[in-house]
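Subject: Structure handover

Hello,

Here is the structure for you to look over. My notes follow below it.

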Amino acid sequence: EYRDAMHSAIKYLDELKKYKIIWCESDFIAHALHDVLEMNNIKVGKDIHIIGYGDFETYTSNTEEPVLSTISADTEQIGIALAEALIAEINGNPVEKQIVNAKFIQRKTFTF
């Protein structure tokens, strides 16, 4: 996903420069876009703002300091809800709809 997004960002760089805010469907895509823009001397968080989805940086050790502004779907809460639903299903109990709140995590790529 990262590699494909990077190739697309390079291909459409002139078009991307027209935007002030880009909301990506995943953090992998947002990171690729960030890297391409920075390699082309476009300051992310100043010239263009990027938001990802998934809060990848919180759960990996790939970065010392997370930089990507993102929407966190709270994967820990999703895992707990999924486990509870599976246990209920195994025990023959009805599985109720679960709602897990997402939250915006502001970092360096979205500075408004």
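In which hand does α1 cross α3: left-handed or right-handed? The crossing of α1 past α3 is right-handed. Please keep in mind that this is a predicted model.

Helix packing

Helix α1 covers residues 2–11, and helix α3 covers residues 27–39. Their axes lie 8 Å apart. The packing angle is about 40°. The two helices are therefore oblique to each other.

Which residues make the contact? On α1 they are Tyr-2, Ala-5, Met-6, Ala-9 and Ile-10. On α3 they are Phe-28, Ile-29, His-31, Ala-32, Leu-33, Asp-35, Val-36 and Met-39. Sorted by class, this contact has 11 nonpolar residues, 1 polar and 1 charged.

Aromatic rings

How many aromatic pairs does a search of the whole structure find? The search returns 3. In one of them, Phe-104 and Phe-110, the ring centres are 5.7 Å apart. The planes of these two rings stand at 85°, over the 60 degrees cut-off, so the pair is edge-to-face.

Ring pairs also join Phe-104, Phe-110 and Phe-112 into a cluster.

Are Phe-104 and Phe-110 buried or partly exposed? Phe-104 has 38% relative accessibility, so it counts as partly exposed. Phe-110 has 14%, which is under the 20% cut-off, so Phe-110 counts as buried.

Best regards

Technical notes
Residues are numbered from 1 along each chain as its sequence is written. This is a predicted model: local features need pLDDT of at least 70, side-chain atom pairs count only at pLDDT 80 or more; totals for chains, interfaces and linings use all residues. Side-chain values use heavy atoms; hydrogens and water are left out. Axes are lines fitted to C-alpha atoms, for helices over the stretch in contact, and angles run from 0 to 180 degrees between N-to-C directions. Helices (H or I, at least four residues) and strands (E, at least two) are DSSP runs, numbered from the N terminus. Angles under 35 degrees count as roughly parallel, over 145 as roughly antiparallel, 65 to 115 as roughly perpendicular and the rest as oblique. A crossing is left-handed if the near helix is turned anticlockwise from the far one by less than a right angle, and right-handed if clockwise. Contact means heavy atoms within 4.5 Å. Ala, Val, Leu, Ile, Met, Phe, Trp, Tyr, Cys and Pro count as nonpolar, Asp, Glu, Lys and Arg as charged, and the others, Gly among them, as polar. Rings of Phe, Tyr and Trp (its six-membered ring) pair if their centres lie within 6.5 Å; planes under 30 degrees apart count as stacked, over 60 as edge-to-face and the rest as tilted. Buried means under 20% relative accessible area, exposed over 50%, partly exposed in between (1.4 Å probe, protein chains only).
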